[in-house]
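Student: Could we go through this model together, one question at a time? I would like to see how each answer is reached.

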Amino acid sequence: MRLLSWLAAFLFLSVKLLAAADTDPSALLKAGKADAALQIIHEGLAHAPKDAHAYNLLCRIYFQLELWDSSVRMAEKSVALDPQNGLYHLWLARAMGRKAESSNPFTAFGLARKVKVEFERAVALDSNNLRARTDLSEFYLEAPGFLGGDKNKAKQQAEFVAEHDPALGSYIFGRVEEKQGTGGAEAEYKKAIAASSSPAHYWVELANFYRRAGRFSEMEAAVNHSLALARPGEAAEFDAASLLLHTGRNFTGAVDLLHHYISQEEQSEDGPTFQAHYLLGILLEKQGRKNDAAQEFQAALGLASEYRPAQDALARVSR
């Protein structure tokens with residue numbers, strides 16, 4: 001009887017946890033269930049319209065959906081409601097940055113200045129937010145000087161980060177070395193791998209470095225190292241499949257990676273499930289499997305009906 005009682009209690013708790021996951025917008029965001037998350041958040045905002053956290057979640061969902069205007073608007077609302085929250089400024093900077101990438105040059109220049117201000121504001125409000133410092137360093141590396149780019153400032157961010165997270169610091173130093181062309185980038189990326197307790201992500205970053213350098217055999221080897229060390233809830237399989245797709249290598253292996261990633265109980269916000277279905281569809285389409293590709297695009301839209309790339313892809317393979 002005790003065993004039966006324990007089993008009943010376990011099943012009851014499991015059902016409660018599953019139900020909570022289906023109604024928790026943060027969990028839905030992480031699971032890549034954009035439509036469900038949007039519905040729940042908007043229902044909540046109807047009763048509590050000044051919930052800054054809710055607007056931040058909306059910003060991040062629209063960011064996943066690549067709806068940059070909507071992402072920026074939601075980020076601006078979260079910042080207006082809670083201007084002292086560095087995380088909200090960080091997401092506003094990220095959303096503005098992605099919007100700038102798809103804008104005309106005049107609009108992009110204006111946005112770039114705002115991106116710099118928001119990244120710097122995020123760091124000023126929370127100096128220990130190492131991800132904000134990483135993004136700020138990336139801005140300093142990528143932006144031209146007249147828009148605030150400054151490789152020395154990027155190095156200063158790396159020095160601060162290295163004191164708190166040696167692996168992340170080495171990664172930023174690697175980006176600085178790569179941008180300066182001084183030849184030390186590969187060694188810094190390998191230092192990041194050696195220093196990390198969760199190195200799968202840094203193996204992917206090393207693979208990306210090899211891709212940019214045109215060293216594709218080494219890129220695939222680094223991808224394989226990443227996959228061997230990946231943990232549940234990490235985006236390593238998603239990132240590796242995306243990398244293989246965009247370099248035109250080992251499509252069969254990339255398909256297997258995405259199938260496995262989608263089948264896991266836990267995914268990453270950085271690799272939304274609907275995007276995984278979309279990437280899988282693109283890979284299948286390239287292999288001439290249009291019916292299978294259409295099913296994957298439909299699966300993506302079943303989770304995220306506003307995801308335009310999947311809409312366009314489904315229309316293309318359905319002709």
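Student: Leaving aside neighbours within four places in sequence, which residues is L258 in contact with?

Tutor: Happy to start there, and keep in mind that this is a predicted model. L258 is one of the residues that touch the most other members of the largest nonpolar core. With neighbours within four places in sequence set aside, its contacts are F238, A241, A276, L279, L280 and L283.

Student: Which residues touch the most other members in that largest nonpolar core?

Tutor: The core has 96 residues, and helix α4 (residues 52-64) gives the largest share of it, 9 residues. The ones touching the most other members are L58, I61, L65, L258, Y278 and F297.

Student: Are α14 and α15 roughly parallel or roughly antiparallel to each other?

Tutor: Two packed helices are described by the angle between their axes and the distance between the axes. For helix α14 (residues 236-247) and helix α15 (residues 251-263), the axes come within 9 Å and cross at roughly 155°. Angles over 145 degrees count as roughly antiparallel. Therefore α14 and α15 are roughly antiparallel.

Student: How do the residues of the contact of α14 with α15 divide into nonpolar, polar and charged?

Tutor: Let's look at both sides. From α14 come E237, F238, A240, A241, L244 and L245, and from α15 come F251, A254, L257, L258, H260 and Y261. Sorted by class, they give 10 nonpolar, 1 polar and 1 charged.

Student: What is phi of N250 near?

Tutor: N250 is found in the loop between α14 and α15, and with 42% relative accessibility it counts as partly exposed. Most residues other than glycine have a negative phi. N250 is a residue other than glycine with a positive phi, near 50°.

Student: And where is E66, and what is its phi near?

Tutor: E66 has its place in the loop between α4 and α5 (68-81). Its relative accessibility is 33%, so E66 counts as partly exposed. Here too phi is positive in a residue other than glycine, with a value near 60°.

Student: Is the crossing of α3 and α4 left-handed or right-handed?

Tutor: Start with the geometry: the axes of helix α3 (residues 34-47) and α4 come within 10 Å and cross at roughly 155°. That angle makes α3 roughly antiparallel to α4. As for the hand, α3 passes α4 in a crossing that is left-handed.

Student: How many nonpolar, polar and charged residues does the contact of α3 with α4 have?

Tutor: On the α3 side are A34, A37, L38, I41, H42 and L45, while α4 brings A54, Y55, L57, L58, I61 and Y62. By class, the contact has 11 nonpolar, 1 polar and no charged residues.

Student: How far apart in space are E306 and A34, C-alpha to C-alpha?

Tutor: E306 is found in the loop between α17 and α18, and its relative accessible area of 35% makes it partly exposed. Not counting residues up to four places away in sequence, E306 touches D35, L38, Y62, L65, L67 and Q311. E306 and A34 are 272 residues apart in sequence, yet their C-alpha atoms are separated in space by 8.7 Å.

Student: At what angle do α17 and α18 pack?

Tutor: Helix α17 (residues 290-303) and helix α18 (residues 308-317) are roughly antiparallel to each other, and their crossing is left-handed. The contact is made by K290, A294, F297, Q298, A300 and L301 of α17 and A310, Q311, A313, L314 and V317 of α18. These residues divide into 8 nonpolar, 2 polar and 1 charged. The axes are 9 Å apart, and the packing angle is about 150°.

Student: Is Y140 buried or exposed?

Tutor: Y140 lies in helix α8 (residues 130-142). Its contacts beyond four places in sequence include K116, E120, G148, D150 and Q157. The relative accessible area of Y140 is 5%, and the cut-off for this class is under 20%. Y140 is therefore buried.

Student: Which residues is Q157 in contact with, leaving aside neighbours within four places in sequence?

Tutor: Q157 is found in helix α9 (residues 151-164). With a relative accessible area of 11%, Q157 is buried. Leaving aside those neighbours, its contacts are R133, L136, S137 and Y140.

Notes:
Residues are numbered from 1 along each chain as its sequence is written. This is a predicted model: local features need pLDDT of at least 70, side-chain atom pairs count only at pLDDT 80 or more; totals for chains, interfaces and linings use all residues. Side-chain values use heavy atoms; hydrogens and water are left out. A nonpolar core is a set of buried Ala, Val, Leu, Ile, Met, Phe, Trp, Tyr and Cys residues joined through side-chain atoms within 4.5 Å. Buried means under 20% relative accessible area, exposed over 50%, partly exposed in between (1.4 Å probe, protein chains only). Helices (H or I, at least four residues) and strands (E, at least two) are DSSP runs, numbered from the N terminus. Contact means heavy atoms within 4.5 Å. Axes are lines fitted to C-alpha atoms, for helices over the stretch in contact, and angles run from 0 to 180 degrees between N-to-C directions. Angles under 35 degrees count as roughly parallel, over 145 as roughly antiparallel, 65 to 115 as roughly perpendicular and the rest as oblique. Ala, Val, Leu, Ile, Met, Phe, Trp, Tyr, Cys and Pro count as nonpolar, Asp, Glu, Lys and Arg as charged, and the others, Gly among them, as polar. A crossing is left-handed if the near helix is turned anticlockwise from the far one by less than a right angle, and right-handed if clockwise.
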